Amino acid sequence: MAVRRTKRSTAASRNPKQEEGGEENGMNTELHQLFLDELADIYNAEQQLTKALPKLAKACQNPELREAFETHLEETQNHISRLDQVAKSLGESLKRKKCAAMEGLIEEGEEIIDEMEDSAALDAGLILAAQKVEHYEIASYGGLRAWAELMGHDEAAELLQETLDEEKETDEKLNQLAETAANQEARQE
């Protein structure tokens, strides 16, 4: 699929707020369209996670890990609401889009459950699968927040930063659980 590119003045490239034609707050730029497309992508990713997290929690052997997945399910539901707020702050609605990356990451987690069902390494594998998801989300929210700031979408940037901070906290919790319990239990089998 070819992308049509147009030449813009150097000043307009640096500051979308001042583009010719009254494109206020970068709302009619290619970056804004990409921003909306990627918002739709992460929105679907979060929706997919609300279905996957209960399965991961059920499969866990470690009660702390199960609780971490259950807590993240609640956070994920808040992330979806926050994405709705982002769209509303821009006067936009999010289109439907399937996040193929999240679909693949969830499939990998399901494979770990199937392959390691009765293994002491199950929780270590679930943590790795969950951290892959977290890193995808961290990259997505970090990029989206940066774009929102660049385009002057201040409310959207703040909302995206809240979610980014929560994703980083979840990744750190998973890392601690891996180091203090799951990896050691898997090693001792």
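This is a predicted model: local features need pLDDT of at least 70, side-chain atom pairs count only at pLDDT 80 or more; totals for chains, interfaces and linings use all residues.
The largest nonpolar core is a set of 47 residues. Within this core, the residues with the most contacts are Phe-35, Leu-39, Phe-69, Val-86, Leu-126 and Leu-160. Five helices, H2, H3, H4, H5 and H6, each supply at least two residues of the core. H2 gives the most, with 12 residues.

Neighbours within four places in sequence aside, Phe-69 is in contact with Leu-53, Leu-56, Ala-57, Cys-60, Leu-126, Ala-130 and Leu-174. One of these partners, Leu-126, is also listed with Phe-69 among the core residues with the most contacts.

Phe-69 leads on to the cavity. The count of cavities of 30 Å³ or more comes to 1. About 230 Å³ of space lies in the largest cavity. Its lining has 22 residues, and those nearest the centre are Leu-49, Leu-53, Leu-56, Phe-69 and Ala-130. Helix H2 (30-59), helix H3 (63-89), helix H4 (100-115), helix H5 (122-150) and helix H6 (154-188) are the elements that give two or more residues to this lining. By residue class, the lining of the largest cavity divides into 13 nonpolar, 4 polar and 5 charged. Leu-53, Leu-56 and Ala-130, named among the residues nearest the cavity centre, are also contacts of Phe-69.

The largest pocket holds about 180 Å³ of space. H2 and H4 each supply at least two residues of its lining, and H2 gives the most, with 6 residues. The pocket is lined by Asn-44, Gln-47, Gln-48, Lys-51, Ala-52, Lys-55, Lys-98, Met-102, Glu-103, Ile-106, Glu-107 and Glu-110. These divide into 3 nonpolar, 3 polar and 6 charged residues.

Is Leu-90 buried or exposed? Leu-90 counts as buried because its relative accessibility is 10%, and the cut-off for buried is under 20%. Leaving aside neighbours within four places in sequence, the contacts of Leu-90 are Met-27, His-32, Phe-35, Leu-36 and His-153. Phe-35, one of these contacts, is also among the core residues with the most contacts inside the core. Leu-90 and Asp-154 are 64 residues apart along the chain, and their C-alpha atoms are separated by 10.0 Å.

Technical notes. Residues are numbered from 1 along each chain as its sequence is written. Side-chain values use heavy atoms; hydrogens and water are left out. On a 1 Å grid over the protein atoms alone, a cavity is a set of points where a 1.4 Å probe fits but cannot get out, and a pocket is an open set with protein on both sides within 12 Å along at least five of seven lines; lining residues have an atom within 4 Å of a point. Grid points are joined across faces, edges and corners, and a volume is the space filled by probe spheres set on the points. Helices (H or I, at least four residues) and strands (E, at least two) are DSSP runs, numbered from the N terminus. Ala, Val, Leu, Ile, Met, Phe, Trp, Tyr, Cys and Pro count as nonpolar, Asp, Glu, Lys and Arg as charged, and the others, Gly among them, as polar. A nonpolar core is a set of buried Ala, Val, Leu, Ile, Met, Phe, Trp, Tyr and Cys residues joined through side-chain atoms within 4.5 Å. Buried means under 20% relative accessible area, exposed over 50%, partly exposed in between (1.4 Å probe, protein chains only). Contact means heavy atoms within 4.5 Å.
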